[in-house]
Amino acid sequence: MPVVLGIEGTAWNLGVAIVDDEDVIVERADAYLPVSGGIHPRDAAQHHADSIVGLLRQVLTFALEKGLKIDAVSFSQGPGLGPCLRTVATAARAIALNFNIPLIGVNHCIAHVEVGIWKTGASDPITLYVSGANSQVLSYNRGRYRVLGETLDIGVGNAFDKFARSIGLPHPGGPRIEEHARGGERYIELPYTVKGMDFSFTGLTTAAREAYERGVSLSDLCHSFQETTFAMLVEVTERAVAHAGKEEVLLAGGVGANRRLQEMLGIMCDERGVGFYVPETRFLGDNAVMIAHLGNLQLKARDVTPLEESGVNPSFRPDEVRVTWK
C-alpha cells in the first residue's frame, strides 16, 4: 500500500500530510492570515518559506517514529499564487531528491474533487467546485475532467471577500457574511448573471456595496448576497446534472463549508432525485490531504513528474489534465 507525502500551499494555507489508500496518517498545517485586506502573494510566500521546514520536520519525524517508508511526494503544481506555488514546489523537489522518491505535481482543483469522492463515497458526480479564486462545475468524461460551467470573472470566494472588504468586514469575508446573513429578513434584489452555463459576480459585488452605502441593513444585504450568488451556482449545477445525466452532485472547495449553500444544493438534489455529497469541513478548504491523496492515485497509475517538468503553472486548468487513474 503506497504511502504518499503531500504539500499544499497555493494561497493562504500551508499544509503537509501523509496518506495511504485507507486514511490520513498525519496532517499538519499553518495558515497565513493577512493583517488587513486580502492575501498578499509575496507575504504569503514568505510565510510558507518560514514555516515549511518546521511542518515537514514534524510530519517526517512522525513517519520515522511509526516506521513508515514514504513512497512519493506530491505538491500543488497549480493553479494558485505564483510565489506560493514556487515555494512549495522547491520544498517538494528537495524532498524527492533527498529521499530518492518520485515527484508528483498535481492539479489543485482536481485534488479538491478527488478528496471529496474519497471521503464521501461518491462515484461519478457533477462537482460544484467553489473556492476563493475558482468557481467551476466539473464532470469526468472520457479521460478528463470537463468544465461544464465556470465564472467569467472572479471566483465566488473572492466575490465574498471583495464585498466584505468594501464594507469593512475582516478577512476572510465568507464566514462573516454567512454570520450576518442569518439575521436577514428582507431580500434585496441584486444582479443575477447567468449566461448559459457560466456566471459572473463582479456586478453583484458592486451593486451590493452601493446598496450598503445607501443604508441598506447589513444583515438583509448579506442574506441577499448569499441567496443571489448561491441561486446562480445551483441553477448551473442543476442544468449540468440534466445535460450530463449524472445521478450525484458533489460539493467541493472552501466556500462549500457555507451551510446555506449546502442547504440549497440539497433541496435541488432532493427534487431531482439525485444523491448529494459533502465531505467533512476539513476536506473542503485547501488542505494537504487532498494533494497527498491525488498524488497516491497518480503514483499507482505511474503518472509521476520528471524534475524538468515540475515547473508551476498559476493558471493550471483541470481540463488540461489527462486523467490516468480512472
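Modeller: Contact here means heavy atoms within 4.5 Å. Keep in mind that this is a predicted model.

Start with helix α1, residues 41-65, and helix α2, residues 82-99. Who touches whom? From α1 come P41, A44, A45, H48, A49, I52, L56 and L60. They meet P83, C84, T87, A91, I95 and F99 of α2. Sort this contact by class and you get 12 nonpolar residues, 2 polar ones and no charged ones.

Now the geometry. Two packed helices are described by the angle between their axes and the distance between the axes. For α1 and α2 the angle is about 25°, and the axes lie 8 Å apart. Angles under 35 degrees count as roughly parallel, so α1 and α2 are roughly parallel to each other. Their crossing is right-handed.

Next, take a second pair. Helix α4 covers residues 156-166, and helix α6 covers residues 202-213. These two pack at an angle of about 20°, with axes 10 Å apart. That angle makes α4 roughly parallel to α6. The crossing of α4 past α6 is right-handed. On the α4 side, the contact uses A159, K162, F163 and S166. On the α6 side, it uses T205, A208 and R209. By class, the contact of α4 with α6 has 3 nonpolar, 2 polar and 2 charged residues.

The one between α1 and α2 has no charged residues, whereas the one between α4 and α6 has 2.

Technical notes
Residues are numbered from 1 along each chain as its sequence is written. This is a predicted model: local features need pLDDT of at least 70, side-chain atom pairs count only at pLDDT 80 or more; totals for chains, interfaces and linings use all residues. Side-chain values use heavy atoms; hydrogens and water are left out. Axes are lines fitted to C-alpha atoms, for helices over the stretch in contact, and angles run from 0 to 180 degrees between N-to-C directions. Helices (H or I, at least four residues) and strands (E, at least two) are DSSP runs, numbered from the N terminus. Angles under 35 degrees count as roughly parallel, over 145 as roughly antiparallel, 65 to 115 as roughly perpendicular and the rest as oblique. A crossing is left-handed if the near helix is turned anticlockwise from the far one by less than a right angle, and right-handed if clockwise. Ala, Val, Leu, Ile, Met, Phe, Trp, Tyr, Cys and Pro count as nonpolar, Asp, Glu, Lys and Arg as charged, and the others, Gly among them, as polar.
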